[in-house]
Structures are given as C-alpha cells and as structure tokens.
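Dear colleague,

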Amino acid sequence: MKIPPPVSPPHSYPPPFPPPLEDDFSYYYTFFQDAAPSLPSSPAPPEMPPARRRRTDESEPGRRKKKKRTLARIITSLAALEGQEESDRRESEDDLSLLRANHDRKSATMLDYYSRLQDHYSDLEDADSLRAAQVRTATSAAAASAVAEGMAEGGGAAQQQQQQQQRRLWVKDRSRAWWDQCSHPDFPDAEFRRSFRMGRGTFDMICEALGAAVAKEDTMLRAAIPVQQRVAVCIWRLATGEPLRLVSKRFGLGISTCHKLVLEVCSAIRNVLMPRFLQWPDSAAAAAIKVRFESIAGIPDVLGSMYTTHIPIIAPKISVAAYYNRRHTERNQKTSYSITVQGVIDPDGVFTDVCIGWPGSMPDDQVLENSALYHRAEEKGMLRNSWIVGNSGHPLLDWVLVPYTHQNLTWTQHAFNEKIGEVQRIAREAFARLKGRWSCLQKRTEVKLQDLPVVLGACCVLHNICEIRKEAMEPELKFELVDDEMVPENSLRSVSSMQARDNIAHNLLHRGLAGTKFF
C-alpha cells in the first residue's frame, strides 16, 4: 500500500527574529503562541472511556497556560544568565586591565631603582679606586721620603715609619674600643669580673703564667697580639659561650684568629697551669681532706666526692650512635649528643682528678672503668684505705663508696644514704658552678670533637683557680644541674666492700652521727 507524502498545512511561518530589546520578552511569547497551531497534527488518540476523555478535554486549557508560563520562565532565566555573564566579563576585563597597569608601574619603578642602585655602586667603586690610588701614591711618597731621610741621616726611625705606613696594606682595620676600655686600669673591677668571671688580679696572674707559652713576636707585616688580649679572647669565649663572630667584633680580630687563639690558650692552660692547679693530693693533703670530709658527714677516710656530667655537642660525623644520649633525648624531646666529664672534688669544690671525652651513651660505671683513676686504684693500689664517694650510678668497690639502692631500706641504711648525699652535694654544687661560670659548657659548641677535651680541661683548671682564689660568682650565673643516674647492672662487685659499708652505716647510727642516737 502506497502511503502519500505528508502535506504541509497552508500556514506560513513567521518572519525571522527581529533584534530583541533588553528585558522585552513579548516577541518570544507571541512567536510561540502563533507557532503552536501551525505544528503538524498528531495522530488521534485511541478511544477512551467517555468519563476519562471528558476529564482530559476539560483540563486542556489549564495545561496550555502552564506550558506558556514554563516557557516564559525559561526564557527569562536565559536572558538573566546572559546579562550576568556579560557583566562578569566586563568586570574581569576591568580587573585585568588594572592588574596590567599596576604590574607595568611596578616594573618601571623597580627598573628605575635598580638603575639608580647600579649608579650608586659604580660611584662607590670609583671612589674606592680613587682612594686606593691616593693611598698608594701617599705610601710610595712617604716610603721614598723615608728612604731618602734614612740614607741622609743613617737612622732607623724612617724605616720604622715606612713599616707602619705599609701595615695598612696587610691588616684590616677593626674597632678595638671595647677591649681597650676593659684593659684600662680605670675600668671598674665589678664590670671586669662580670665579663671574665674573675677579678683583675686573677686575670693578671694567669697572663703572667702563660706569657712565655702564648707570646708571639712582631713581624715585618704586622704587630703581634698582646698576651693579655690573647688570654682575654679565650676566657671571654669560655665564659660567655658567644659565637666566634661576636667575639671577633668584641676584640677587633678576625674570626679565624679568635678560633686559633682559643685553642692555643687552652692548650697552654693544660700544659702550664694544669700541673699546678689540678693534681692528685699528696699524703699530707690527703690526710687533711679526710679530716674535713669526716667533719662534714662523719664518714672516715673519704678522699673525694665523684660525679659525672654530660656536655652537649653537635652530632659527630663518625660513631654517631656512641655519642647519642638517650636519657637527655627522652627528657628534652630533642635529639641529644654528648660527651662525659668525670671529676673527683675535694671539700673546697676543687677538682683533684678529671676524666674527659668518653661518649655520652656510656653509663657512669663504664666511664669510671675506662678512667685513669680506676687503673691507678685497681692496678697500683693508690687508694688503699681510702674512699671515693660516688652516686647510685657507680658500682660499690673496695675504694668506691655508694648509697644503698635496693628497696625497703632499714633506718640504718637510710641514715647512711643521707650522709652519702651530703658528700655528693659537694660534687654536684662544684659541677653546677663549673657550668654556671663557663657558659660554653651549657650548649653545643663550635669546637671540633677532637679539640673539645682540651677546652673542657681548660675550663676545669680555670674553675680550680677561681675556687682557690675565692672568686665570687654572680647570683645570675647560678646553674641547675640535671643529670640522670642509672643503677648499673652489677652494682655490688666486692663482698668486703659490702661489709665495710654496713659497718660504716652501723657506726654512724650508734655514734649519734646519723641524726639520732641509739639507746
């Protein structure tokens, strides 16, 4: 069956859209209203029950009105979006043009500033070149005149003047006003003591003792640094712990020169002053020390109080794990590396023996076993019939007396521990004054690990000098000593020492030296 082609209805479409005016949608509404009847007719719907068809016919006008309202809202939304987009585009173009203008203005300003800066530095270079040329000309003229006068008069004054004129070419001029003020005789002694941790008399004594070891001679190029200034650089550096660049500004010297002076003076202190001011007591001095300790705590034959502290360092390049301090790291929540300083102190707070440089991971008992004191006592028997009082981190030996560390102490043992604590307090206070007086021991230093034992030994010697000469310490320099003590795994290594400790504790209690009397 042949289907005839569809015939278009005899209705002409509306003319092309005229240009719509802004916010005028009447044309679109008329267009859709006129175009609706011209659309091709749809096939007839199937027959439906009369009631349903009647309900559909009745709702047809309402549906048309609803479609018209929907189309009107869509067109209105499209027009509003188009207007908003046009407004946003105009605003973005304005912002972009403003940013470009600001960028061009800043670029021009920076280029102008840079060109002026280049001109300024060029002028400075020209002025420096001119000044250098004038100095060379003046120096040459002065040298020529000095040579001429020397040849005419045959004296050496002209040659010395020539050397002084040539010195400007070799030495950089730095301000030494601060050191000149400190070294002046009218400088207050209190300020001098606050700066160098000692009085002027003690400082002069150290300079006189180290003069032959640290003095240098003048050369053709420059004059030698005086002995007093050399010693002052070292002591100031140890006392304040300031970085070398600040020490350089204080004394008007180069940074490398200050570093070299610190190591030279510390080596001279170790070689010259340590044999005089840090030595093991002889028999007469040992007897006097035992009497004084017995008067303090009631414990006989005590020759010294021993303590071990840690000095923070920068992480070394080799054997890092050996210098890692786990206890300080856990307490400070910061990775810490350290080396140990073990010292034996007399009743006056003066060091009689030091052991410096063992890694910070070693406990106190291992540091003691690797010290020269241990070998002298165990192999040579130098501490026979004498006691060195340690803390709970040291083992109980025939010559090392330590407190009881087990639980459930008896009254006798508790009283003994109190007396041991009185002796230990002397060592702790001495180490606290050592770190408080020489602030370089409180923080990580710039000194290399291989040079650090020399510096620490110099600090101990200077501490002894100040203690012997009764140099007062400023209250603001007080330092709180914090060191962890760990009980060694094998703290009891001698049966005879255990019996001797029990006898001492018994005698302290029954002689009324433990704070009470036994009835």
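**Cavity and helix packing**

With 3 residues, α16 provides the largest share of the lining of the largest cavity. Please bear in mind throughout that this is a predicted model.

Helix α7 (227–240) also contributes to that lining, and α7 and α16 each supply at least two of its residues. In terms of domains, domain 2 (176–276) and domain 3 (280–511) each give at least three residues to the lining of the largest cavity. The space inside the largest cavity amounts to about 70 Å³. In total, 4 cavities of 30 Å³ or more were counted.

Turning to the packing of helices, I begin with α16, whose residues are 452–468. Helix α15 (residues 411–437) packs against α16 at an angle of about 105°, and the two axes lie 10 Å apart. Since angles of 65 to 115 degrees count as roughly perpendicular, α15 and α16 are therefore roughly perpendicular to each other. On the α15 side, the contact is formed by Ala430, Arg433, Leu434 and Arg437. On the α16 side, Cys459, Cys460, His463, Cys466 and Glu467 take part. The residues of this contact between α15 and α16 are 5 nonpolar, 1 polar and 3 charged.

Helix α15 also meets helix α17 (residues 495–510), with axes that come within 9 Å and cross at roughly 90°. By the criterion already given, α15 is therefore roughly perpendicular to α17. Here α15 contributes Trp411, Thr412, Phe416 and Lys419, while α17 contributes Arg501, Ile504, Ala505, His506, Leu508 and Leu509. The contact of α15 with α17 is made up of 6 nonpolar, 2 polar and 2 charged residues.

A further pair consists of helix α8 (residues 244–251) and helix α9 (residues 255–277), which pack at an angle of about 100° with their axes 8 Å apart. This angle makes α8 roughly perpendicular to α9. Leu244, Arg245, Val247 and Ser248 of α8 are in contact with Ile255, Cys258 and His259 of α9. Of the residues in the contact of α8 with α9, 4 are nonpolar, 2 are polar and 1 is charged.

Yours sincerely

Notes. Residues are numbered from 1 along each chain as its sequence is written. This is a predicted model: local features need pLDDT of at least 70, side-chain atom pairs count only at pLDDT 80 or more; totals for chains, interfaces and linings use all residues. Side-chain values use heavy atoms; hydrogens and water are left out. Axes are lines fitted to C-alpha atoms, for helices over the stretch in contact, and angles run from 0 to 180 degrees between N-to-C directions. Helices (H or I, at least four residues) and strands (E, at least two) are DSSP runs, numbered from the N terminus. Angles under 35 degrees count as roughly parallel, over 145 as roughly antiparallel, 65 to 115 as roughly perpendicular and the rest as oblique. Contact means heavy atoms within 4.5 Å. Ala, Val, Leu, Ile, Met, Phe, Trp, Tyr, Cys and Pro count as nonpolar, Asp, Glu, Lys and Arg as charged, and the others, Gly among them, as polar. On a 1 Å grid over the protein atoms alone, a cavity is a set of points where a 1.4 Å probe fits but cannot get out, and a pocket is an open set with protein on both sides within 12 Å along at least five of seven lines; lining residues have an atom within 4 Å of a point. Grid points are joined across faces, edges and corners, and a volume is the space filled by probe spheres set on the points. Domain bounds come from an automatic or database domain assignment.
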